[in-house]
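Reader: Hi! Could you walk me through some helix packing here, and then a loop residue?
Author: Happy to, let's take a look together.

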Amino acid sequence: MVGVDQLDNSLVDINVFTLTEYVSAKPLESNLDVVFTTLEQLPQQCEPCAQLKCGENLKFPFARDSYAPQAVSILDATELVAADAATDTKRVVELTLDISALGDLHYEPGDTLAILPSNSSEVVAQLLQRIDLSQQADSTCHVKLSANCTKKSAKVPAHIPASTTPREIFTHCVALNSVLQKQFLSALASCTSESRERAFLASLSSKQAAVHYQTLILERGLGLLDLLEMCPSCMPSLALLIEHLPRLLPRPYSIANSPLECKQQLRVIYSIRARKPGVTTSMLEVKLKEQPSKLFAYPRLQNAFRFTNQELPGHQILIAVGTGLAPFLGFLAHKQLCQQQATGQTWLYVGAKTPDAILKQQQLLAWQQSSVLQRLRMCYSRSYTDDGLKYVQELLEQDAEQLVEQLLQPTTVLYVCADGAKISKSIDDALRRCLQLVLHLDEMEAMQRLKELRTQGKYREDVWL
C-alpha cells in the first residue's frame, strides 16, 4: 500500500477529498492592500536579511537583551554523517562560525543560537510566476491597511518592511511552507474560479473534513505551492498571502562546543532530509557553496538546559537521539577542559539509525577511555546488535536499577535532547517504568515523581520538533 506521503500531487484526486455537505470555515476579512510605488523593475536582489529593515518594532524571538541579528561567517563545514537512503539516514553537517560580530559573547554548553532563514530562490520564483507577479517581482511596493478595513485592531504585519518588493517578502519575511490554517483554505477558495477546485478548498476548510485535513495537510504536509499546483484556477493576491502566511521565524540550534575551546568561534550541527528539506537547512546547504559565506544569527536567552560551573562537580545522565547529541558534545568537551572541577560521573545514552550515524563516535570513545565519560551506551534502530536493543528507551530499562540509583543522587541532573513529538515521550515513558520497577511505584506515583524531578531541576529537556 502506498502512503499518502509517497504520492505525487498529480495523483491526488481532489474529488475524493471533497465532501458534498459541509460548512466551510469563515475566511478572515481582507484588511491589506499592496501599493506599487514604481513599476520599474529593480535589479533582481534582496536585502541580505529583509526583516532587519523593519526597525525596533519587530522583535526577534528569545533574543538576549541588547543582541540583534548580525552577519556571522561560516569558517568551516564538516560532514559528520552521509545520507543513506537505504536506512533513511539524514546527512549531518557541523558548521564552525566566526561570532566576532556578536561582540564579547558569553555562552555556556547547552545555549542556543538562532539562525535567520530565507526561502529558496527557486521556490520564490515559482510562487511569483504562479500568481502572475514575475514582471513585478522586483518593483518597489509598500503594504497598507485597506480603505475598506473595518477591523479596529488591524495593522500591517511588523515583519513586512515599509518599502520592499514581492521577491523580498517571499524570500525573507513569510513562511511559505507553513501549516495551512482552515481560514486560509477558505480564503483560497474565494480566490478560485473553477467550481470543482473551489469546492475542494472550501470543503477542506470545514469541520466536517477533519479527516481529509489530517491526511493532506498534517500528515502529508501539503503546503501553499502544492495546493496551487492542484488547483490551477486559484489566484490569491499578494495582499492575501501577506495577511495569511505567518512570519518566517529564526531557527534555534544548540551550540556543540565548549566556550573554552575558542571564544570567537562556535559550532552548530544540522541534519537535512532528502525529501522536503527544512527551510533553514536548505538555506545552509546553499550557503556552503558560496565564498565567502555569511548568515544572520543571534544568541538566544539562556535556560536551565545548560552545563555550568554549578553542574561541573555533580553527576550527569545524558540521553540523546540523532542530532540531539549536539549539545552534549559541548557538555563533554567542557568537562574535559575543566577536569579539576568536574569530579562527578557522566553517563551517556545515545541512539541513531546505524553506527555510522552516531555523531563523532570516535571522540565519544576517546572520552570514555579518558574517563570524561564513565558510561557510554549506544544503540541503532536500523542495525543488528548482539543484545538486540534498538532504542534508547530499551537501554534505560535494561539499566533501570543503576539508572534510578544514580538519578536519585543529590547532585545528579538528567538531560534529554530529542524529538518532542515522539521520541522524548517514549523516553519519558521509559523513565517512568524504571521508577515503577525499582521504587515499586504505580504509574501515577511514578509520573508524580518525574514531575517532582523536573520541578527540582534534576530532569531537564531540550525538546525540538
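Reader: Which hand does the crossing of α13 and α14 have?
Author: The α13/α14 crossing is right-handed. Bear in mind that this is a predicted model.

Reader: Thanks! Which residues make that contact?
Author: From α13 you have D428, L431, R432, L435, Q436 and L439, and from α14 there are E443, A446, M447, R449, L450 and R454. Sorted by class, the contact has six nonpolar, one polar and five charged residues.

Reader: And at what angle do the axes of α13 and α14 cross?
Author: Roughly 115°, with the axes of α13 (residues 423-439) and α14 (residues 443-455) coming within 9 Å. That angle makes α13 roughly perpendicular to α14.

Reader: Nice. Switching to α1 and α2: how do their axes cross?
Author: Helix α1 (residues 121-130) and helix α2 (residues 166-173) cross at roughly 135°, and their axes come within 10 Å. The two helices are therefore oblique to each other. This crossing is right-handed.

Reader: Which residues meet there?
Author: V124, L127 and L128 of α1 meet P166, R167, F170 and T171 of α2. By class, that contact has five nonpolar residues, one polar and one charged.

Reader: Now the loop. Where does T308 lie?
Author: T308 is in the loop between β8 (294-299) and β9 (315-321).

Reader: Is T308 buried or exposed?
Author: Buried, because its relative accessibility is 11% and the cut-off for buried is under 20%.

Reader: What does the T308 side chain join up with?
Author: The side chain of E311, through a polar contact of 2.5 Å.

Key
Residues numbered from 1 in each chain as written. Predicted model: local features only at pLDDT ≥ 70, side-chain atom pairs only at ≥ 80, totals over all residues. Heavy atoms only, no water. Helix = DSSP H or I, 4+ residues; strand = E, 2+ residues; numbered from the N terminus. Buried < 20%, exposed > 50% of the residue type's maximum accessible area, 1.4 Å probe, protein only. Polar contact = N/O pair within 3.5 Å; in protein donor to acceptor, adjacent residues only side chain to side chain. Axes fitted to C-alpha atoms, helices over the stretch in contact; angles between N-to-C directions. Parallel < 35°, antiparallel > 145°, perpendicular 65-115°, else oblique. Left-handed = near helix turned anticlockwise from the far one by under 90°. Contact = heavy atoms within 4.5 Å. Nonpolar A, V, L, I, M, F, W, Y, C, P; charged D, E, K, R; others polar.
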